[in-house]
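The following note sets out points for a colleague who has the model open. Please read the points alongside the coordinates.

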Amino acid sequence: MIHRRTLLLGVLALPPAACAARPAAAPPPPATTPPPTTSRPPVDTAARFSTLERKYRTRLGVYAVATGSGATLAYRADERFVFCSTFKGLVAAAVLDGHPLSYLDTKVVITRSDVDSISPVTEHHIGSTMTIRQLCDAAARHSDGTAGNLLMRAIGGPATARTTRATPRRPARSPRGLPPTRPRHRTPPTTPDRCSRRG
């Protein structure tokens with residue numbers, strides 16, 4: 001028979017956790033609903049380009065490719081336009097495509113007779129040298145005419161440039177490889193989509 005005193009001591013020896021009431025479980029967090037997504041209305045790019053044409057009394061040719069998704073943006077993409085200064089970016093790309101990276105360090109002598117057009121970069125290097133890398137930068141970023149001509153020379157001249165997809169079979173003629181501001185043939189040199197596509 002258990003003595004009452006022994007039972008009391010046993011109850012007092014229990015840990016406090018055994019006597020404490022189990023706390024109620026925390027309620028689950030309320031489900032959150034994602035905020036409503038608003039989709040932007042499609043942009044009428046044709047109307048915007050048309051507005052720019054009327055404002056500046058000119059004609060635009062656009063072809064752009066999102067390299068990540070392949071999406072394209074086109075406006076008058078199959079109409080022909082003269083190259084003008086856009087040839088400088090194309091000839092710089094042709095140099096990069098046709099030579100190893102080490103070729104970019106090749107030095108080119110800049111003479112006074114070379115500088116015969118708007119040349120904000122190369123005109124400061126007459127009598128010295130510039131690397132092909134510097135000429136590519138001057139042509140593409142600063143629209144340097146002499147840099148564009150020297151790069152054209154580096155790929156073999158206008159005759160070689162005519163083999164690129166961007167250049168049609170009957171390119172506009174011009175001295176020293178520079179494109180004229182007005183086409184001398186009935187059909188201007190190229191179209192925006194041909195300038196943007198390879199192969």
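1. Helices here are DSSP runs of H or I with at least four residues, strands are runs of E with at least two, and both are numbered from the N terminus. At the other end of the helix, D144 caps the N terminus of α6, with a side-chain oxygen 3.1 Å from the backbone nitrogen of T146.

2. The model is predicted: local features need pLDDT of at least 70, side-chain atom pairs count only at pLDDT 80 or more, and totals for chains, interfaces and linings use all residues. Residues are numbered from 1 along each chain as its sequence is written, and side-chain values use heavy atoms, with hydrogens and water left out.

3. How enclosed is α6? Of its 10 residues, 8 are buried, so the helix is largely enclosed by the rest of the structure. Buried means under 20% relative accessible area, exposed means over 50%, and partly exposed lies in between (1.4 Å probe, protein chains only). The buried positions of α6 are G145, T146, A147, G148, N149, L150, L151 and M152.

4. The loop between α5 and α6 contains S143. Its phi is near 55°, a positive value in a residue other than glycine. With a relative accessible area of 29%, S143 is partly exposed.

5. The largest nonpolar core has 21 residues, and V91, V95, I110, I132, L135, C136 and L151 have the most contacts inside it. Such a core is a set of buried Ala, Val, Leu, Ile, Met, Phe, Trp, Tyr and Cys residues joined through side-chain atoms within 4.5 Å. Two or more residues each come from α4 (86–98), α5 (132–142) and α6 (145–154). The largest share, 5 residues, is given by α5.

6. Which residues does L135 touch? Leaving aside residues up to four places away in sequence, L135 touches V108, I110, T122, M130, A147, L150 and L151. A contact here means heavy atoms within 4.5 Å.

7. D137 also has its place in helix α5. At 32% relative accessibility, this residue counts as partly exposed. The C-alpha atoms of D137 and A92 are separated by 8.3 Å, although the two residues are 45 residues apart along the chain.

8. T131 belongs to strand β4 (residues 129–131). It is buried, with a relative accessible area of 16%. Apart from residues up to four places away in sequence, T131 touches L104, D105, T106 and K107.

9. Helix α3 (residues 45–56) has 12 residues and reaches 17 Å from its first C-alpha to its last, close to the 16 Å expected at 1.5 Å a residue. The expected span is 1.5 Å times one less than the number of residues in the helix. Just after α3, R57 takes a positive phi of about 50°.

10. Beyond four places in sequence, E53 touches T58, R59, L60, Y75 and R76. R76 has a phi near 55°, a positive value in a residue other than glycine, and at 30% relative accessibility R76 counts as partly exposed.

11. Turning to the chain as a whole, the secondary structure comes to 8 helices and 4 strands. Along the sequence these follow the pattern α-α-α-β-β-α-β-β-α-α-α-α. Of the 199 residues, 27% count as buried. Among contacts with a separation of 6 or more, 58% are between residues 24 or more positions apart. The chain exposes about 14,600 Å², of which carbon and sulfur atoms supply 58%; accessible areas come from the Shrake-Rupley method with a 1.4 Å probe, and for residues only the protein chains shown count as cover.

12. The mean pLDDT of the chain is 76, and 62% of its residues reach 70 or more; pLDDT is the predictor's confidence in each residue, from 0 to 100. Among the elements, helix α1 (residues 4–12) has the lowest mean pLDDT (46) and β4 the highest (97).

13. Two stretches call for caution. Over residues 6–14 pLDDT stays under 50, and the model has 2 contacts beyond four places in sequence for them. Over residues 165–181 pLDDT also stays under 50, with 48 such contacts in the model. Where pLDDT is low, predicted coordinates should not be read in detail.

Technical notes: Polar contact = N/O pair within 3.5 Å; in protein donor to acceptor, adjacent residues only side chain to side chain.
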